[in-house]
Amino acid sequence: MVGSFEINVIQKNDIPEDIEDIFKRATNLLGVRRELMLYLGKQVVHGINHAYISRNEPSVLNPRPYYELIVININETGKTCIVRRETILESSASPIGGIICSREDEAPIRIIDSIEANKLLKLFKKGMHNVLGLDYEAELYLGNQIVQGCNYYYLTQASNIEAKTKSIKLVVMNLFIDEVKVVEIKDIL
């Protein structure tokens, strides 16, 4: 469909080489190391827009990592251009009470088989069981923050089965003692 994003989430280990190459060509910028985490989908508009999630670390002393949505247009001649960059989650300057972004090796909770990843997925399912309207699937674990318990930040794919639509959302959950509740759901794409 022209104009809307066709969401087709692909984890970093399965991204086709041609799609990954578009990301590398457009984001070859000095000063920031970008790790491609997810391919989100495409949009047909003046060529094709491709949406990605990357984990970034500035090339400075004591870098504060952050997760970013990057939309890259590739036109009919093959030229790439970044058309949108949006920070989704950024580590706080002070880790005490601030957000701590996950490491790149702990973020892809769906493709790593570890005790911690399985706990994060279980926590997500427990918190989302009362949320109605859409089906949510955790794609990435972005980070946490200690606030009256602990907030956990997830990037999710939300599906509306009846309307046959998909979207990308940031879901924030709070775990306090043994109670898990959704604090915020924010549209990303």
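## Surface and overall form

Accessible areas come from the Shrake-Rupley method with a 1.4 Å probe, and for residues only the protein chains shown count as cover. With that method, the protein exposes about 10500 Å², and carbon and sulfur atoms supply 52% of this area. What you see is a predicted model, in which local features need pLDDT of at least 70 and side-chain atom pairs count only at pLDDT 80 or more, while totals for chains, interfaces and linings use all residues. Residues are numbered from 1 along each chain as its sequence is written, and side-chain values use heavy atoms, with hydrogens and water left out.

The protein has two helices and 10 strands; here helices (H or I, at least four residues) and strands (E, at least two) are DSSP runs, numbered from the N terminus. Reading from the N terminus, the order is β-α-β-β-β-β-β-α-β-β-β-β. The radius of gyration is 17 Å, close to the 16 Å that the globule rule gives for 189 residues, so the protein is as compact as a globular protein of that length. That radius is taken over C-alpha atoms, and the globule rule is 2.2 Å times the number of residues to the power 0.38. Along its principal axes, the C-alpha trace spans about 55 × 50 × 25 Å.

## What lies inside

Residues can be buried (under 20% relative accessible area), exposed (over 50%) or partly exposed (in between), using a 1.4 Å probe and protein chains only. Of the 189 residues, 45% count as buried. In soluble globular proteins, nonpolar side chains tend to be buried together. A nonpolar core is a set of buried Ala, Val, Leu, Ile, Met, Phe, Trp, Tyr and Cys residues joined through side-chain atoms within 4.5 Å.

Which members of the largest nonpolar core touch the most other members? They are L40, I53, L142 and L155, in a core of 25 residues. A second, separate core has 17 residues, including A117, L123, M128 and Y154.

## Contacts across the chain

Contact means heavy atoms within 4.5 Å. Among contacts with a separation of 6 or more, 50% join residues 24 or more positions apart. Setting aside neighbours within four places in sequence, L155 is in contact with several residues, among them L38, I53, I88, L142 and I188.

L121 lies in helix 2 (residues 115-128). Beyond its neighbours within four places in sequence, L121 is in contact with I109, R110 and A138. V183 belongs to strand 10 (residues 179-187) and is partly exposed, with a relative accessible area of 47%. Not counting residues up to four places away in sequence, V183 touches N151, V172, M173 and N174.

## Two residues in loops

Where does N62 lie? Look in the loop between strand 3 (48-58) and strand 4 (66-74). Phi of N62 is near 55°, a positive value in a residue other than glycine, and N62 is exposed, with a relative accessible area of 64%.

Now find K164 in the loop between strand 8 (150-160) and strand 9 (165-176). Phi of K164 is near 55°, again a positive value in a residue other than glycine. Is K164 buried or exposed? With a relative accessible area of 78%, K164 is exposed.
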